[in-house]
Amino acid sequence: IDYVGPDKNLEVLKLQMKQADYKISQQRSNWYPILSLNFYAGAQQYRENFGISFENNAWSTSSYISLNLSIPIFNGFSTKNKVNSALIEHEISLNTLDQNIIQSEIEDDLILKEFNYSKKAVEAAKTNYEIAKENADLHFQKFEEGLVSLNNYLESFDDYLKAEITYLNLLSDSYSYYSKILSRNL
């Protein structure tokens, strides 16, 4: 394996960058004049006494259109500060994204190297394990024939168990690295 898929954590940071861009636009929009158009069409009841009537002739139709123009005059200083704050937030988000991209690339290279080294270590440990197994089997045969003592056989069997544990631990580490790579490539 020589490739690690894209880091999904970077997607969150990219979305935060977009959010910072939108915040700049939002704060800059506070400088723009606002033009609004309103329309109302309905009916009202005008009476001299308190109460309400549901007869048709008791209601008067009314409608109006209003055009409103709001020009921001006195909010320039606070808007400028808000825009500057949003620009700083954007810069922080950009730096964080860049740092995380570099960190992700370093971690990807490291995990690939560790995986490749662990594969080589597993192969060596497997060979050592197989040799230790053969050695323990030979010592057992010698023990059965009375050529070596029980102590010598148990020492060789202990070496075999240590080699097996080493092989299994390295194999577990290798699969751990492989699972990290595989999870990113899905």
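L35, L37, F39, I65, L67, L69, I71, I73 and F74 form a nonpolar patch on the surface, with about 1200 Å² of accessible area together. The model is predicted: local features need pLDDT of at least 70, side-chain atom pairs count only at pLDDT 80 or more, and totals for chains, interfaces and linings use all residues. Residues are numbered from 1 along each chain as its sequence is written, and side-chain values use heavy atoms, leaving out hydrogens and water.

**The surface patch**

- Patch residues have over 30% relative accessible area and no salt bridge; like charges are joined within 9 Å, and nonpolar side chains (Val, Leu, Ile, Met, Phe, Trp, Tyr) within 5 Å.
- A salt bridge puts a side-chain nitrogen of Lys or Arg within 4 Å of a carboxyl oxygen of Asp or Glu.
- Accessible areas come from the Shrake-Rupley method with a 1.4 Å probe; for residues, only the protein chains shown count as cover.
- β1 (34-44) and β2 (60-70) each supply at least two residues of the patch.
- Helices (H or I, at least four residues) and strands (E, at least two) are DSSP runs, numbered from the N terminus.
- I73 sits in the loop between β2 and α2 (76-145).
- I73 counts as exposed because its relative accessibility is 61% (exposed is over 50%, buried under 20%, partly exposed in between; 1.4 Å probe, protein chains only).

**The helices**

- The 70 residues of α2 should span 104 Å at 1.5 Å a residue; its end C-alpha atoms are 100 Å apart, which agrees.
- The expected span is 1.5 Å times one less than the number of residues.
- For α3, 36 residues should span 52 Å, and the end C-alpha atoms are 52 Å apart, which agrees.
- Just after α2, G146 takes a positive phi of about 85°.

**The cores**

- The largest nonpolar core has 8 residues: V122, A125, Y129, A132, A136, Y160, A163 and Y167.
- α2 and α3 (150-185) each give two or more residues to this core, and α2 gives the largest share, 5 residues.
- A nonpolar core is a set of buried Ala, Val, Leu, Ile, Met, Phe, Trp, Tyr and Cys residues joined through side-chain atoms within 4.5 Å.
- Y160 touches Y129, A132, K133 and A136, not counting residues up to four places away in sequence (contact is heavy atoms within 4.5 Å).
- A second, separate core of 5 residues includes V4, I111, L112 and I181.

**Buried positions**

- The buried residues of α3 are Y153, S156, Y160, A163, Y167, S174 and I181.
- Their cover includes α2.
- S104 lies in α2 and counts as buried because its relative accessibility is 4%.
- Beyond its neighbours within four places in sequence, S104 is in contact with D7, L10 and R184.
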